[in-house]
Amino acid sequence: MYVCLCKAVTDSEIREAVEDGAVHVEHLAARSGLGTGCGRCQELAQQLIDEHLAADLSFAAA
Ligand code: FES
């Protein structure tokens, strides 16, 4: 699904970015331009980053 319509960034690309070390929406901006248009996607993108990081941590702790 597209998270950032302005820059055509998907949730899959966000997950890949997190796996490459992104922890903040600004990292996505630098990588893909996400959030550099209207900015309305930033909150959802950060939420997806946080969820993916939390899932990774719970997996690592298991
Ligand atoms: S939807 Fe991402 S900058 Fe507009």
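This is a predicted model: local features need pLDDT of at least 70, side-chain atom pairs count only at pLDDT 80 or more; totals for chains, interfaces and linings use all residues.
Local features require pLDDT of at least 70 and side-chain atom pairs count only at pLDDT 80 or more, whereas totals for chains, interfaces and linings use all residues. Residues are numbered from 1 along each chain as its sequence is written.

The largest nonpolar core has 13 residues; such a core is a set of buried Ala, Val, Leu, Ile, Met, Phe, Trp, Tyr and Cys residues joined through C-beta atoms within 7 Å. A residue is buried if 20 or more other C-beta atoms lie within 10 Å of its own, exposed if 12 or fewer, and partly exposed in between, with C-beta atoms placed from the backbone. The members that touch the most others are Val 3, Cys 4, Ile 14, Leu 28, Leu 34, Ala 45 and Ile 49. Two or more residues come from each of strand E1 (2–4), helix H1 (11–19), helix H2 (25–32) and helix H3 (42–61), where helices (H or I, at least four residues) and strands (E, at least two) are DSSP runs numbered from the N terminus. H1 gives the most, with 3 residues.

The buried residues of H1 are Ile 14, Ala 17 and Val 18. Because they cover an arc of only 100 degrees around the axis, they lie on the same side of H1; the arc is that of the directions from the helix axis to the C-beta atoms. Ser 12 and Glu 19, on the other side of H1, are exposed.

The axes of H1 and H2 come within 11 Å and cross at roughly 105 degrees. Axes are lines fitted to C-alpha atoms, for helices over the stretch in contact, and angles run from 0 to 180 degrees between N-to-C directions. H1 is therefore roughly perpendicular to H2, a class that spans 65 to 115 degrees. Glu 13, Ile 14 and Ala 17 of H1 meet His 27, Leu 28, Arg 31 and Ser 32 of H2, contact being defined by C-beta atoms, placed from the backbone, that lie within 7 Å.

Asp 11 also lies in H1 and counts as partly exposed, with 16 C-beta neighbours inside 10 Å. Leaving aside neighbours within four places in sequence, Asp 11 is in contact with Met 1, Val 3 and Leu 48.

Two backbone features remain. Ala 8, in the loop between E1 and strand E2 (9–10), has a positive phi of about 55 degrees although it is not a glycine. Gly 21, which follows H1, has a positive phi near 115 degrees.

Conventions: Angles under 35 degrees count as roughly parallel, over 145 as roughly antiparallel, 65 to 115 as roughly perpendicular and the rest as oblique. Two residues are in contact if their C-beta atoms, placed from the backbone, lie within 7 Å.
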